[in-house]
Amino acid sequence: MAGTPWAKFSLPSEGGFACGSSAEFKQTLREIFGPLVERVDAFPSGIHAWLMREVPAEGSLSALLRDLEKRLAPSGALWLVFPKKPFVADFDFPFFWNDVQKAGLAAGLVDNKIAAFSPRLTSIRFVVPLSRRKGRAASS
């Protein structure tokens with residue numbers, strides 16, 4: 001599996017869901033994951049093992065991350081995709097990498113991996129901290 005285009009994203013065998021609207025996000029999502037990840041306009045209700053979200057240019061980062069944190073399985077992965085620093089103006093994107101990271105940390109998640117998504121988009125993976133997983137699993 002290490003040679004697959006999706007290996008760096010630690011996609012579980014059951015696949016996952018991705019939400020995003022830019023043409024570059026949708027095209028790259030198809031190229032990397034093919035049918036393994038379902039692109040949705042809104043995430044299905046429930047708890048999920050793997051989610052990918054293109055960060056919208058409008059709205060509150062903290063509200064977005066709080067909502068996504070509630071949807072994440074205790075050992076799940078949340079990937080956020082957004083423009084690399086040299087391309088924020090091309091996407092009219094108001095946030096930088098450290099803004100996204102701070103919002104994730106404030107939502108109670110930890111970042112533990114970065115991966116290029118496309119030539120102009122980057123991604124960061126957030127997970128539930130180990131210290132919170134056992135109690136979270138019991139309440140899920």
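## Getting oriented

The protein chain has four helices and six strands (helices are DSSP runs of H or I with at least four residues, strands are runs of E with at least two, and both are numbered from the N terminus). This is a predicted model, in which local features need pLDDT of at least 70 and side-chain atom pairs count only at pLDDT 80 or more, while totals for chains, interfaces and linings use all residues. Residues are numbered from 1 along each chain as its sequence is written, and side-chain values use heavy atoms, with hydrogens and water left out.

## Exercise 1: The whole chain

Find the order of the elements, then judge how compact the protein chain is.

*Solution.* 
Step 1. Starting at the N terminus, the elements run β-α-β-β-α-β-α-β-β-α.
Step 2. The radius of gyration is 14 Å, close to the 14 Å that the globule rule gives for 140 residues, so the protein chain is as compact as a globular protein of that length. Here the radius is taken over C-alpha atoms, and the rule is 2.2 Å times the number of residues to the power 0.38.
Step 3. The C-alpha trace spans about 45 × 30 × 25 Å along its principal axes.
Step 4. Of the 140 residues, 46% count as buried. Buried means under 20% relative accessible area, exposed means over 50%, and partly exposed lies in between (1.4 Å probe, protein chains only).

## Exercise 2: The largest nonpolar core

Which residues of the largest nonpolar core touch the most other members?

*Solution.* 
Step 1. Recall the term: a nonpolar core is a set of buried Ala, Val, Leu, Ile, Met, Phe, Trp, Tyr and Cys residues joined through side-chain atoms within 4.5 Å.
Step 2. The largest core has 24 residues, and Leu65, Leu78 and Leu80 touch the most other members.
Step 3. Strand 1 (16–19), helix 2 (61–71), strand 4 (72–83), helix 3 (97–106) and strand 6 (121–127) each supply at least two residues of this core.
Step 4. A second, separate core has 16 residues, including Leu29, Ile32, Val37 and Leu121.
Step 5. Now zoom in on leucine 80. Not counting residues up to four places away in sequence, the residues that leucine 80 touches include Val55, Leu65, Val100 and Phe126 (contact means heavy atoms within 4.5 Å).

## Exercise 3: Polar partners

*Solution.* 
Step 1. A polar contact is a pair of N or O atoms within 3.5 Å; within protein, one must be able to donate a hydrogen and the other to accept it, and residues adjacent in sequence count only if both atoms are side-chain atoms.
Step 2. Glutamine 101 is part of helix 3, and its side chain makes a polar contact of 3.0 Å with the side chain of aspartate 111.
Step 3. Glutamate 24 lies in helix 1 (residues 23–33) and is buried, with a relative accessible area of 18%. The side chains of glutamate 24 and arginine 120 are joined by a polar contact of 2.7 Å.

## Exercise 4: A loop residue

Is leucine 109 buried or exposed?

*Solution.* 
Step 1. Locate leucine 109 in the loop between helix 3 and strand 5 (110–116).
Step 2. Leucine 109 has 1% relative accessibility and counts as buried.
Step 3. Leucine 109 and valine 127 are 18 residues apart in sequence, yet 5.5 Å apart in space, C-alpha to C-alpha.
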